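Here's a quick tour for anyone opening this structure for the first time.

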Amino acid sequence: MTNLRAARSDQQQPGFGLAAAASVRLPGHPASEPDERLGQLLWNVTSLAGMLCDTPIAMVSQLQGQFDCTETGALSLAAAVALDGGMDQRRQWWRLSGQSDIVCSTADFGLCESAALTPERITEISDLTLDQRFAPGGMAKGPTGLRFYAAMPMCNQRGDLLGTLCVLDRKPRLLEQHQRSGLHLLARQFITQVELHRDLQMLQRQTLTDPLTGAGNRRGFDRRLREEWSRHLRSGEVLSLLMIDVDMFKQYNDTYGHPAGDDVLSLLCELLRMPLRASDFVARVGGDEFAVILPNTPEVGAELVVERIQAMLQAAKWPHCPVSISAGVATLSPGEVCDFATLLQRADQAMYMRKHSRRGDD
């Protein structure tokens with residue numbers, strides 16, 4: 001598996017030392033790290049480009065869009081805040097000769113953005129230090145010391161620019177014609193593979209998503225709960241689970257009709273997401289039953305989430321009549337060994353006890 005190292009683009013300065021990045025993992029944005037399949041594609045194309053063009057450095061720049069379909073629910077809270085705050089989502093993935101992994105870091109986007117202005121044509125600069133447009137830039141100055149640069153813009157089938165495939169050297173030079181042709185073909189092949197990868201991700205996501213609410217379905221929930229349960233066993237981090245059931249939902253459907261009931265479930269799912277972190281996970285696990293997985297959340301934190309959800313439900317404007325829920329909380333404390341099915345059973349029992357107590361109060 002390719003080892004991917006991420007660096008925060010907003011902390012990088014021009015002239016970033018690429019060689020140093022190979023041995024240091026900098027704190028970063030989870031969206032900088034592609035999934036395993038995309039990481040392998042990046043490794044393959046940069047390795048082939050470097051061998052074809054006989055250059056010690058190859059790089060892929062993502063200038064806009066995303067090469068993969070990052071699942072929002074899988075991002076950390078820090079990542080979600082960064083994305084909402086407008087953090088630069090451009091990325092550069094580097095492969096240095098003799099390096100055993102891909103480094104995600106930022107040296108200079110100016111060169112690649114300039115090269116992208118001429119689609120279907122390779123931009124080739126023999127010596128960056130002699131080019132007045134780019135001599136002051138990050139690649140030509142500082143410890144990077146790059147001199148030669150060549151880039152092929154990469155567009156998808158609709159003609160939308162995605163980025164560039166680049167080869168670089170620390171000495172002035174030019175490519176031979178067969179190398180230019182090969183770089184052109186590699187760029188096209190890479191984008192073809194990326195689009196296939198995205199299509200596969202979309203299909204996989206559809207099999208894990210509830211079509212009505214957009215939340216995870218039962219299959220997606222089971223997979224995510226197993227992942228978080230396994231993480232709990234490895235790290236000892238606390239794990240909480242909410243099971244949620246809509247009160248008197250059958251009567252609501254009987255009174256106002258199933259389309260109205262569907263509207264309620266969709267609105268409820270939107271409200272469930274609002275107080276959650278990006279690392280939390282919401283799923284519709286039954287007709288009117290939902291589950292919320294809360295990684296690294298103690299019981300008191302999970303109860304606070306329930307209180308916030310209840311407050312939002314009370315403040316919401318429902319189409320026909322107010323809607324209420326019963327929610328149960330189950331928590332695995334740090335170091336507790338418990339089958340994930342037991343955790344699910346605990347949350348179910350807590351939910352039904354809460355529902356019974358609400359009926360008793362009525």
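To follow the ring contacts, you need one rule: rings of Phe, Tyr and Trp (its six-membered ring) count as a pair if their centres lie within 6.5 Å. Keep in mind that this is a predicted model. With that rule, a search of the whole structure turns up 1 aromatic pair. It is made by Y252 and Y256, whose rings sit 4.8 Å apart centre to centre, with 50 degrees between the planes, so the pair counts as tilted.

**Rings and their neighbours**

- You'll find both Y252 and Y256 in helix α7 (residues 249–256), where they are 4 residues apart, or about one turn of the helix.

**Strand β7 and its partners**

- On one pairing, β7 meets strand β2 (residues 57–62) in the antiparallel sense, over 6 bridges. Look for S61 here, standing opposite T164 in β7.
- Strand β6 (residues 148–155) also runs antiparallel to β7, and 8 bridges join the two. In this pairing, M152 stands opposite L165 in β7.
- β6 and β7 form a hairpin with 5 residues between them, and in the turn G159 has a positive phi of about 90 degrees.

- Strand β3 (residues 91–96) is mostly covered, with 6 of its 6 residues buried.
- Which residues sit on each face of β3? One side has R91, W93 and R95, the other has Q92, W94 and L96, and all of them are buried.
- β3 runs antiparallel to β2, and 6 bridges join them. S61 turns up again here, this time opposite Q92 in β3.
- β3 also pairs with strand β4 (residues 102–104), in the antiparallel sense and over 2 bridges. The bridge partner of W93 in β4 is C104.
- There's a hairpin here as well: β3 and β4 have 5 residues between them, and G98 takes a positive phi near 80 degrees.

- By class, the lining of the second largest pocket divides into 2 nonpolar, 3 polar and 5 charged residues.

- How many cavities of 30 Å³ or more does a search of the whole structure find? The search finds 2.
- The largest cavity has a volume of about 40 Å³.
- Among the residues lining the largest cavity are E228, R231, H232, P295 and N296.
- Helix α6 (residues 218–235) gives the most to this lining, with 4 residues.
- The lining of the largest cavity has 3 nonpolar, 3 polar and 3 charged residues.

Terms used. Residues numbered from 1 in each chain as written. Predicted model: local features only at pLDDT ≥ 70, side-chain atom pairs only at ≥ 80, totals over all residues. Heavy atoms only, no water. Phe/Tyr/Trp six-rings, centres within 6.5 Å; stacked < 30°, edge-to-face > 60°. Nonpolar A, V, L, I, M, F, W, Y, C, P; charged D, E, K, R; others polar. Pairing = 2+ DSSP bridges. Buried < 20%, exposed > 50% of the residue type's maximum accessible area, 1.4 Å probe, protein only. 1 Å grid on protein atoms, 1.4 Å probe; cavity = no way out; pocket = protein on both sides within 12 Å on 5 of 7 lines; lining within 4 Å. Points joined across faces, edges and corners; volume = space filled by probe spheres on them.
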